[in-house]
Amino acid sequence: MRYCSTRGGVQGWGFREVLFSGYAPDGGMFMPETLPTLTPDTLRSWAPLSYLQLVQKVCALFIPDDLVPRQDLEAVLSGALSQFSVPGAVRMAGLGGGLSVLELFHGETLAFKDLAMNCTARLLEYFLCREKHRATILVGTSGDTGGSAIRSVRGLRGVDVVVVFPRGRITSVQERQMTTSLEDNVHVFAADGSSDDIDVPLRRLFADQDLVRNHGLMSLNSVNWTRVLVQLAHFLYAYLQLSGLEKTEGGALPTLEVVVPTGGAGNIAAGCIVKLMGVPLRLIAMVNANDIVHRTVQNGDFSMATSVKQTLAPAIDIQDPYNMERVFWLLSGRDGGLVKGLMEEFQLSHRITLPDTLHKALSSVLSAGSVTDEGIVETMQRCWRENQYLLCPHTAVAVWYHYHCPLPPGENRCCIATASPAKFKEAVQKAGLTIDLPQEVRALEKMATRYEDLEQGEDWEHRLRERIESISSVRQRGALFYSPA
């Protein structure tokens, strides 16, 4: 298995090089050069597997055995998923009216990011230990990614994590999951802007290949292929749990509809990959008022609004869904030249119109919808009234679709739950509901914090570059290679 860039300028990279990277040197995103096919027989043989076992099976398809022996890979992934609050790390909730919700939020930071983040961090640790390598992780976050990245690597020697979050645009729980991490290898910045504003200097830093090489700069955003790789298992688990596969024979496979709250589009990109690997999924990308993905699917209008709208679902308050580049590449027949032209134009003008052939391919694979804050509140209220089940506002974006687009008899659907409602107390209260916050969330309020501000008009790229260079300087003086605890 080798990897290439979505923009055509890089081919033949190995998994280890892709893991320790961010954007590809040509500005694109890494993807496998080929996708394996999952046959009906394979899917049936996987039907009894746990979520962990599916993660192990999926990763084994994309990580060569001569790089990470299977026994090592299974141990690494087992360790990564061992500290979740429910058996098996994830849970399927069967609710009234045919509503099935796949809960992916039972990790330390109460968000789905913990699943793939922990696996990626453990693989990173595996190589660091083996190679005496150093790494500086640079992460921009719209809310959940930053805390998850920090918790996955804090305290590791030879690894520093630099996280930038949009000040005043996330919940207090999301913010404190970052700012209360006081370990020396954690560096948190609060930027006076949106998550899309943060992405601009981060892209420029990753484009500086001297900086990347000299300082071991890498990403733990879903820019990193390994994050998307692990998320393939979400869709396989949902399919094997809900599709009714066990009732069929031969080559005929039932279809499962999966509804995904969508921001940066990492999850929906994973769903598209699983579909192209042969799993019959009907994918629905649901967004809030930041509706670029909806408009792109509906009419090919991939254009940013003048500003990011602040909504009750802040983790998907995104106008630059960067993983759509992976989707465009897949559905254009892996045309790196086309994708390069489209995405470079988008980065300059913030608006493009998809070519007709690409738009037709996209709308045949993906449907989409957009939900207002009022729709989010109404959905949270209805789900509680009918099920005594509390949704987070992001999950409500998906469940809104379930309530407004009934399934035909005999078909099945899964709504992805990306975060715990405990992270979004304000949205819960706005819906007129109450929540008993977990002890670990209440404790955040009393903990000391540490972060630095990035103000409007300041050169954010320069500030972050200085910190990255300072980290390397400190490492060199202290000879801080990785050593296991």
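Let's start with the second largest cavity and helix α8. In this predicted model, α8 gives the largest share of that cavity's lining, four residues. The volume is about 80 Å³. Who lines it? Tyr 23, Leu 138, Asp 199, Leu 202, Arg 203, Phe 206, Ser 219, Asn 221, Val 223 and Tyr 322. By class, that is six nonpolar, two polar and two charged residues.

Now step back. How many cavities of 30 Å³ or more does a search of the whole structure find? Three. A quick reminder on how such spaces turn up. Rolling a probe the size of a water molecule over the atoms shows where empty space is left.

Next, the largest cavity. Its volume is about 340 Å³. The lining has 30 residues. Lys 113, Gly 263, Gly 264, Ala 315 and Ile 318 lie nearest the centre. Which elements supply at least two lining residues each? The classes here are nine nonpolar, 16 polar and five charged. Keep α6 and α8 in mind.

On to the pockets. The largest pocket has a volume of about 480 Å³. It is lined by 25 residues. Nearest its centre are Asp 196, Asp 199, Val 200, Asp 320 and His 350. Two elements give two or more residues to this lining: α8 and α14 (336-349). Which one gives the largest share? That is α8, with eight residues. The lining divides into 10 nonpolar, seven polar and eight charged residues. Notice Asp 199. It lines the second largest cavity, and it also lies among the residues nearest the centre of the largest pocket.

The second largest pocket has a volume of about 340 Å³. Of its 18 lining residues, Glu 108, Asn 118, Arg 122, Arg 151 and Ser 152 are the closest to the centre. Helices α4 (70-80), α5 (113-131) and α6 each supply at least two residues. The most come from α5, which gives five. By class we have five nonpolar, seven polar and six charged.

Now the sheets. Read the order with me: β3-β4-β14-β9-β10-β13. The pairing is mixed. At the edges stand β3 (91-94) and β13 (366-370), and each pairs on one side only. Neighbouring strands are turned by 25° against each other on average, ignoring direction. Note β9 in that order.

Let's zoom in on one pair. Strands β4 (residues 100-103) and β14 (residues 412-417) run parallel, joined by three bridges. Which residue of β14 is the bridge partner of Val 101? Cys 415.

Last topic: confidence. The chain averages a pLDDT of 93, and 98% of the residues score at least 70. Where does the pLDDT fall below 50? Over residues 479-485. That stretch still has 18 contacts in the model beyond near neighbours in sequence. How should we treat such a region? Where pLDDT is low, the predicted coordinates should not be read in detail.

Key:
Residues are numbered from 1 along each chain as its sequence is written. This is a predicted model: local features need pLDDT of at least 70, side-chain atom pairs count only at pLDDT 80 or more; totals for chains, interfaces and linings use all residues. Side-chain values use heavy atoms; hydrogens and water are left out. On a 1 Å grid over the protein atoms alone, a cavity is a set of points where a 1.4 Å probe fits but cannot get out, and a pocket is an open set with protein on both sides within 12 Å along at least five of seven lines; lining residues have an atom within 4 Å of a point. Grid points are joined across faces, edges and corners, and a volume is the space filled by probe spheres set on the points. Ala, Val, Leu, Ile, Met, Phe, Trp, Tyr, Cys and Pro count as nonpolar, Asp, Glu, Lys and Arg as charged, and the others, Gly among them, as polar. Two strands pair if DSSP finds at least two bridges between them. Axes are lines fitted to C-alpha atoms, for helices over the stretch in contact, and angles run from 0 to 180 degrees between N-to-C directions. pLDDT is the predictor's confidence in each residue, from 0 to 100. Contact means heavy atoms within 4.5 Å.
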